[in-house]
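Please walk me through this structure. I am new to it and would like a short tour in plain words.

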Amino acid sequence: MEQIKLNDINFQSLQKLKHQGTKATLYRDGNVCFKILDGLYDDEKELLYKKLLDMDGIRINNVLLPKKLIVKGEKLQGYTMDYFSVRYVDSKKLFDYALKASKTLRTIHSNNIICQDLSFENILVNDNGNVAFCDLDGCSYDGHISPFISILMKRFLIDYRDEKILLSSNLDRIS
């Protein structure tokens, strides 16, 4: 996967996005979104770096996967992905969007990816009604397990039901 040096990015020329992640800062430059992983520990970045390298080459329609890795020395600092403009969902269209998201989720699972951090914040809808998944850096893939799950899943499975998390496509379906 192609890499960009963190020092080569002119953050002054980027637009900081209104909607931010919980463990990252998001910027935009035209059709490119920059995700800077400023909320992850070094060991989390190292594991993520290896996973993203292994995921290089996976292309799934309607899924915003990393395009280029942002590094400082040999350490992952973030990545770029396609920018997807977001709008608020019209409740009349909610079931249409849920159906589109379900079909995309099947394709994600057919690529042996478990999202883990699947929440409404990670399913985007643009002005044309297109649906896309984002934030797949928290996924599990090919033995690379992420320590993250959605807060709703934590509250339901761990806090309420007092269950252990079992990684499978059913985890995403429950989400």
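**A serine in a loop, then the cores**

Ser 119 sits in the loop between strand E7 (113-114) and strand E8 (123-125). Helices (H or I, at least four residues) and strands (E, at least two) are DSSP runs, numbered from the N terminus. This is a predicted model: local features need pLDDT of at least 70, side-chain atom pairs count only at pLDDT 80 or more, and totals for chains, interfaces and linings use all residues. Residues are numbered from 1 along each chain as its sequence is written, and side-chain values use heavy atoms, with hydrogens and water left out.

Ser 119 counts as buried because its relative accessibility is 11%. Buried means under 20% relative accessible area, exposed over 50%, and partly exposed in between (1.4 Å probe, protein chains only). The side chains of Ser 119 and Glu 121 are joined by a polar contact of 3.0 Å. A polar contact is a pair of N or O atoms within 3.5 Å; within protein, one must be able to donate a hydrogen and the other to accept it, and residues adjacent in sequence count only if both atoms are side-chain atoms.

Now the cores. The largest nonpolar core holds 37 residues. Met 55, Ile 108, Ile 113 and Phe 133 have the most contacts inside it. A nonpolar core is a set of buried Ala, Val, Leu, Ile, Met, Phe, Trp, Tyr and Cys residues joined through side-chain atoms within 4.5 Å. Elements giving two or more residues to this core include helix H1 (42-54), helix H2 (94-110) and strand E9 (131-133). H2 gives the most, with four residues.
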